[in-house]
Amino acid sequence: MMRFMLLFSRQGKLRLQKWYTTMLEKEKKKITRELVQIVLTRQPRMCSFVEWRDSKIIYKRFASLYFCCAIEEQDNELLTLEIIHRYVELLDRYFGNVCELDIIFNFEKAYFILDEFLIGGELQDTSKQSIPKAIEEADMLQETMEEYMAKPTF
Amino acid sequence: MQQIQDQAPPSMVKDSRMVEADEEKLIKKELAALKEQVSTPTTSLKQMRECLVRLIYCEMLGYEASFGYIHAIKLAQQGSLMEKRVGYLAVSLFLNESHELLLLLVNTVLKDLQSTNLLEVCMALTVASQLFPPDMIPAVLPLVEEKLQHSKEIIRRKAVLALYKFYLLAPNQVQHIHDKFRKALCDRDPGVMAASLHIYLLLIKENPGGYKDLTSSFVTILKQVVGGKLAVDFNYHSVPAPWLQIQLLRILRLLGKDDQITSELMYDILDESLRRAEINHNITYAILFECIQTVYTIHPKVDLLEKAAKCNGKFILSPKNNLKYLGLKALSYVIQQDMNLVLQHQMTIIECLDHPDPIIKRETLELLYRITNAQNVAVIVQKMLDYLRQSKDEYITISLVGKVAELAEKYAPTNEWFIQTMNAVFSVGGDMIPADIPNNFLRLLAEGFDDEVEDKQLRLYAVNSYLALLEKNNIHYPQRFLQVMSWVLGEYSYLKTEAKAEDIIQSLHYLLGKCSASLETKAWIFSAITKLFRLTLNVKVLPEVLQNYGNSMDSCLRQCSFELKQLVEDKEIMNTVLPLDESCNDIVVDASLSFLDGFVADALGHGAAPYKPHHQRQEERLSQEKVLNFEPYGLSFATSPQISSVTGRQSPTGLSFNSEISCNSTEAGLKDSDSLKLDGVKKVWGKEGYLRKKKESKEETVASPNSESDVTADFTSTAEKTAGLSAEEQEKKLLASSLFVGLGSNNLVSLMGKNQSTTQKFRRKSKIVEGQNSYERTMSTQKAIAPPLAQIPNLMDNVLESCNPFQESKAMLLRKTASDSAEVPTEEPAQESDEAWNSSNNLKTIRAVPSASKESISGLFADGNFDIVQPGNCNSALVAHEPNSSLSPGLPVEFAEHSHSKFELVCANENIALFSCKVWKEDCLLIVLFFTNRSSIEVTNATVNFALTDELQACESTDFPFPLVESLATVKCQLCLQMMKPCARVLLTGHVTYHLETSQQTQEEFALALFLTDFIRPLKLTTEEFGHLWLSLSNDVKQNLSFTSDSPEALTVALRTLQQELKLHIVDIIGAEGIVACQLLPSTSCLLHCRFHAGILSVWLRSGCCVLPDCLLYECQKVIQKL
């Protein structure tokens, strides 16, 4: 099971955080600080895995963003790397050539996509078709509702 | 509004490049504005949505925004779809499972689950599976269950995942829907099926035996996936559904472990998976990695192993670091089966040892740790210590330090090396070192091993090395190291005859004066000084010590110095209190405090009130008080015996300030605090065990030289070949030969029992290692000794045939009926035959009351129609005939009056058999275990040992030794159990070890399934008492159970059945309502209130323990369903 997922920039600014295990706010902050520190100091050609406390940290960098997941001992490191990759593909498909700013301005969308992809730290759906479809459906409905609400009522 | 929406986030973003202080000011301002806006009643839902999005952002930046939590919940509740979506998101990001505000969300989730809008249902399911308070699960469970039949696959999938999460949180509550999981597994949508695999992985991990029948289904699914039968949509980089494949491989691994028949089903598909995964992409490597693990876990097949080994080579030789890392990880897994693989990759491993990436180095060390033996231990430990010196990470240090200490104890070549390595461990490990390492080390020194002379040398060497270390000035040693040093110096300085005790005292005194030592360490040092004074008559330093600490601010040190003063004055007391070299002798403590008896009698004689235990006092208070009591009662009953058992034991390092004082105040206590906690040691290392070990190790030393010389010969030849290589290469080769020495094929005597096959320097090991060893030993013995399942019925036949003739005919008849009924193709032949047997014999045996036990029988013995000739059945029938044969266990008369279960065979091989019987006594569950010697020779030193989990507690010892069991005789032992933590089912595991004449010790493992109902007893109450108790209990659960019958007698029927099946006590039945009471042993009461109306039985349970009502409700459900 995935324990948490963090997205942060090269400057160490947190862009997205999703925790699948119960933790105190204070603890979360401490972990985030510690991990950002660890991951940012890694050399570029090094292994994408880091042992950290009793879990493994899997990270991958896309442009200026680091995607970083914590998994348990029995989980498969390479597979987690591909989970990150698929998440980026999904973001890319939704935003169209996704960049850090997309995630900053529409971070709630990024969360919605993540929620369709992973539930409680387990993979829910991997399809590049059905996940964007589910999100788009919700968006569409939202837009039509907004239009409907904007119309003056007589 | 539009304006704000567009403007605000960028302003917050820009500042990421601003100075921190500016950012903080800006966000604080923003938060203040938001706080005002959310609390304004005129804020529209749409504005609220915007506010929440910004609050999420602020929280992410690390600013507290808890004032918005309640608004997030409100938005999820009130908003229309779009607001709801943000509301739910905010809730799931803001709150965690234990947050109290979540209670307010439950109704919203309930409402949305019932909504006709798909999106609302989706959102509710998502939030329910992300965070949901465990105690609220029953509220939504029926609705989520219902969604498993929904027409949309996305809903079904989410429902399955939500149930998976519920299962993780509260397994007892989801137990009744196992059938529905099967339906999900067969769902027409692969996504739903994939989701259900999460649950199955978990279930199979807990109980692999129960799901063997699904193996072929999983294999078929995997075949279809690998064969590309799924929609293209499931592909990932043109690999078909890799996630699904991996999940299935993991499940198969669990199913095929130690099971040849099941393993055979999956050989083909594993072969195909290995073959198919050819594309050079991460995802195929991920699949390969799982494949390798599966192939090496299940029952081995030679050509698959070869293929997997070849694949593993691809990983290790890959230039990519990620793959190399996984290769090393797979290798350290694989070498548990086949050491030879390491030899193939020697050079790569050597290179990885100097890899720039620490994680690869670390994984290499992990691998080396697993191949350590007596010959390469020095090199490997050196590498580990090198790594430790560079690493700063606390977790890595702790785990590596433990490993070094373990290896050093196990394989140390010389005393000097051992002491020096341990010194390095203590100084590198610093204060992070776990307490058990110094404890084990000191215990090892104190107990010594086979050879007196050797012991003395080791101790003397330790003393010398510590004295040398202490002479160095200005070096800071970690606290634990100082403690070890002072203990050793205090105990064993007498061995060093040339040194004067007062010099050592002087240097310890100096150490004591240094402020770097912690209080605890100071206490250790001081007691060392005290001990040293028994060696010297020269008390010149004494006044100085006493002066310095006699009026120390610290009361502990002050007391120590007073004690020292007294002891020095009276040498006789000194010698009795602190005898030389007796640190490992047990100290006899009168735990029953019998010496106070006279005092107590006097006090009672003078009219003092007799002592009442804690729970009795509490009960009395309860009965006096008429008001509500909010304290959970069950808890305090349950913990009190544990607490008392803990206080009796003390570990020297975990010693707190207070305990130090209390220890030192009594003379025996002082000794206890200085030396180690050694109680129980004698038992483990009894005379026989000690001797046996010695013999074994002798045999091994005889065996090893050959193999050693072979291997070194191997290496010398390779070294010759490579003579022309560069110096650096040479060095690496040299390292390789020192690392991989002793791993040649000749040494592969027993792969699982690696630890046994090598000579062992020190016998004492850390507990963990012992556990592993014994586990490994059982694994290997099981493989060697345990007959295949199909053979067991034959063995049973033998047992029966050795019974008396008339009994035999009875038994034969019975077997005939059983086998007749087994021919009927039913799903559960075991059950059928049971019933057939019962009716045909008309014997009154008490049927196993817990309804779950039947399932367990069929689950435990699902493979092979084993219980068709279940010996238990026969034997309980024979009890009525007063069997003469000593082979058939009979229940002692004193238990026959209690209700008891049938006899069950728990474990058997050609020599021995174990039968168990549960006796439901009033105050405990009594497990009577019969140990039968079936062989023609006598069995010696048999021991039955039960391993108790947290849930269970035994009244007395869990070890039962039988020094001698004659041929064809049966002996019995009994264990009284109580349930400390309620759970529906718990496995009582244990093992039996025995010797057949002179042969080696054999060990068999067994497991017994115990059920909640085994521990439920009627609680006899009057209606009034029930009323009082009802009000005082705080944890309750309510549930409506549908009930087919609608007759006026229905309630009575239901309650009578509950009474019969679950051993409840019916307090009263008034009209359509009934009250029932029971207690969980030892003393947790649970009350039921049942109401029957229009075909529905509403059950309301209350208890002092929060889990018990759930568990009991589950049992009631099962009983009622059967009606």
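Is E34(A) buried, exposed or partly exposed, and what is the relative accessibility of E34(A)? In this predicted model, E34(A) counts as partly exposed, at 28% relative accessibility. The residue belongs to helix α1 of chain A, which covers residues 25-40. When residues up to four places away in sequence are not counted, E34(A) touches W52(A) and R53(A). Between E34(A) and W52(A), the C-alpha to C-alpha distance is 9.9 Å, with a separation of 18 residues in sequence.

In chain B, a glutamate was examined in the same terms. E145(B) is placed in helix α8, which spans residues 137-146. The relative accessible area of E145(B) is 11%; E145(B) is classed as buried because this value falls under 20%. Apart from neighbours within four places in sequence, the contacts of E145(B) are with H176(B), I177(B) and K180(B).

Most residues other than glycine have a negative phi. H237(B), although not a glycine, has a positive phi of about 45°. S238(B) is likewise not a glycine, and its phi is positive at about 60°. H237(B) is located in the loop between β1 (235-236) and β2 (239-240) of chain B, and S238(B) is also in the loop between β1 and β2. For H237(B), the relative accessible area is 33%, so this residue is partly exposed. S238(B) is exposed, with a relative accessible area of 56%, because the cut-off for exposed residues is over 50%.

Technical notes
Residues numbered from 1 in each chain as written. Chains lettered and ligands numbered in written order. Predicted model: local features only at pLDDT ≥ 70, side-chain atom pairs only at ≥ 80, totals over all residues. Heavy atoms only, no water. Helix = DSSP H or I, 4+ residues; strand = E, 2+ residues; numbered from the N terminus. Buried < 20%, exposed > 50% of the residue type's maximum accessible area, 1.4 Å probe, protein only. Contact = heavy atoms within 4.5 Å.
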